[in-house]
Amino acid sequence: MFSNNSISISVSDDEADELGRMRVRVRRKRKKLGHRLKNEFLHRVARKLVRYWALLIFLPALGLLLYEVSRIGRKPSLVAKSELSEPEKPSLVGSETVKNSSLEKKSDGNLNRLDHTTRVVGGVRQRCLDILSPEELEHLEIPMREDSNTPVKKVVYISENDNPFSGGNNSLSQEHTEAPRFNSFTGSQTLDQRAKSFKVNETVTMNCGFYSENGGFKISNEDKGYMDSCKVVVSTCAFGGGDDLYQPIGMSEASLRKVCYVAFWDEITLSTQEAAEHRIDGNGFIGKWRIVVVKDLPFSDQRLNGKIPKMLPHRLFPHAKYSIWVDSKSQFRRDPLGVLEALLWRSNSVLAISEHGARSSVYDEAKAVVKKNKAKPEEVEVQLTQYRHDGLPEDKRFNGKKALSEASVIVREHTPLTNMFMCLWFNEVVRFTSRDQLSFPYVLWRLKVLKKINIFPVCTRKDLVNSMGHIRKAKPLRS
């Protein structure tokens with residue numbers, strides 16, 4: 001018998017199907033709701049992107065720019081490798097220190113750069129200075145050339161023990177017949193004597209500094225002995241504590257063996273550098289530079305004192321055959337023997353100097369000098385008046401190139417003719433203004449027999465040195 005306690009509920013197939021459809025419909029409604037919300041979110045994002053796309057691009061670019069600025073602003077060390085472990089000099093206070101710090105930050109990005117400067121020639125990018133490879137430099141011999149065709153075979157330098165030239169007439173005012181800066185170092189020179197000094201003979205007699213033993217620019221016997229041993233020399237100077245010393249880079253092993261690196265300092269620069277913990281070692285060196293401390297400088301104008309090592313290396317290094325001058329505001333960054341080969345030997349030149357980057361006329365340069373307060377207007381006017389009187393043309397060019405030179409790098413062979421040229425240039429700087437850019441084209445124009453000159457473009461000069469700029473103003477000597 002079956003029990004009557006159990007209750008059975010029957011569900012028809014139709015009802016089951018109806019419930020299933022209800023479940024499906026509910027699930028579909030939920031799915032459609034989520035999909036609709038997702039679509040609305042994407043549409044909102046798209047509208048925001050369209051509205052703010054410029055801001056989204058600008059913010060990452062700004063962040064990248066700030067990163068690069070902070071990276072460039074980091075200050076690398078200015079001292080030689082041997083001094084890298086020394087503590088940094090504490091910062092000083094005052095407006096002068098702030099100005100110097102700004103200059104250092106601006107220039108330090110160039111320090112120790114060895115990348116090559118290039119330019120486009122005929123649609124092809126080329127190096128501005130085509131220098132030999134290290135392997136070729138290692139086997140490069142220094143030529144000791146003798147030019148039998150040179151019109152000047154000997155230069156005799158006037159000293160206080162010689163009979164001076166006789167005086168002469170002067171078409172300009174008597175006030176400037178004897179330049180006020182002539183002294184016992186230079187010897188005196190009238191304008192008539194100046195005119196005679198440009199005459200070319202096999203033997204020429206002329207003023208060229210070091211006129212008197214009491215004229216100043218005193219160098220120790222130990223330093224003189226070192227300088228007498230130099231056959232090839234790279235030189236610079238910093239008088240008045242104006243600039244730091246930048247170690248030369250990019251040289252070959254051959255140049256380290258054969259080339260002297262000499263930096264001329266005065267006692268002001270010596271004390272300035274010692275205060276910054278840059279000290280000369282027991283052998284007279286800081287890094288690769290032999291430091292020659294000069295005493296009793298002959299001029300109160302430190303710029304004029306700097307012209308002595310710049311223009312008269314043949315007087316300072318009597319046995320040197322070649323010299324390279326580098327301004328103290330620059331770091332020399334190429335192999336000296338390679339530079340001599342590229343700028344002198346390859347083109348059979350005896351003098352190489354960089355052209356001026358902005359101007360080609362002496363008269364335009366004179367206006368710029370006065371405008372920038374780099375010389376007194378009355379001094380510049382005296383110089384220009386004399387040059388106009390002598391017939392110097394408005395736009396002097398040499399072999400189709402600018403004769404106006406920037407003159408921060410001078411590469412030369414020491415020959416009687418180039419020695420004569422540099423003496424004439426130095427005398428012009430002493431007589432008129434210390435802005436040597438004004439007198440270079442004039443001397444080149446007057447000394448027409450000097451033809452083997454390589455006036456190289458600005459990009460070559462940029463490849464030779466890292467330009468650092470002047471760090472601080474040089475302290476003048478008391479008159």
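Residues are numbered from 1 along each chain as its sequence is written. Because the model is predicted, local features need pLDDT of at least 70 and side-chain atom pairs count only at pLDDT 80 or more, while totals for chains, interfaces and linings use all residues, and side-chain values use heavy atoms, with hydrogens and water left out.

A nonpolar core is a set of buried Ala, Val, Leu, Ile, Met, Phe, Trp, Tyr and Cys residues joined through side-chain atoms within 4.5 Å, where buried means under 20% relative accessible area (1.4 Å probe, protein chains only).

| Nonpolar core | Size | Some members |
|---|---|---|
| Largest | 69 residues | Phe 217, Phe 264, Phe 317, Phe 421, Trp 425 |
| Second, separate | 36 residues | Leu 137, Ala 254, Val 326, Val 465 |

Helix H8 (residues 302–311) is largely enclosed by the rest of the structure, because nine of its ten residues are buried; among them are Leu 304, Lys 307 and Lys 310.

The lining of the largest cavity includes Trp 265, Trp 289 and Asp 327; a cavity is a set of points, on a 1 Å grid over the protein atoms alone, where a 1.4 Å probe fits but cannot get out, and lining residues have an atom within 4 Å of a point.

Methods. On a 1 Å grid over the protein atoms alone, a cavity is a set of points where a 1.4 Å probe fits but cannot get out, and a pocket is an open set with protein on both sides within 12 Å along at least five of seven lines; lining residues have an atom within 4 Å of a point. Buried means under 20% relative accessible area, exposed over 50%, partly exposed in between (1.4 Å probe, protein chains only). Helices (H or I, at least four residues) and strands (E, at least two) are DSSP runs, numbered from the N terminus.
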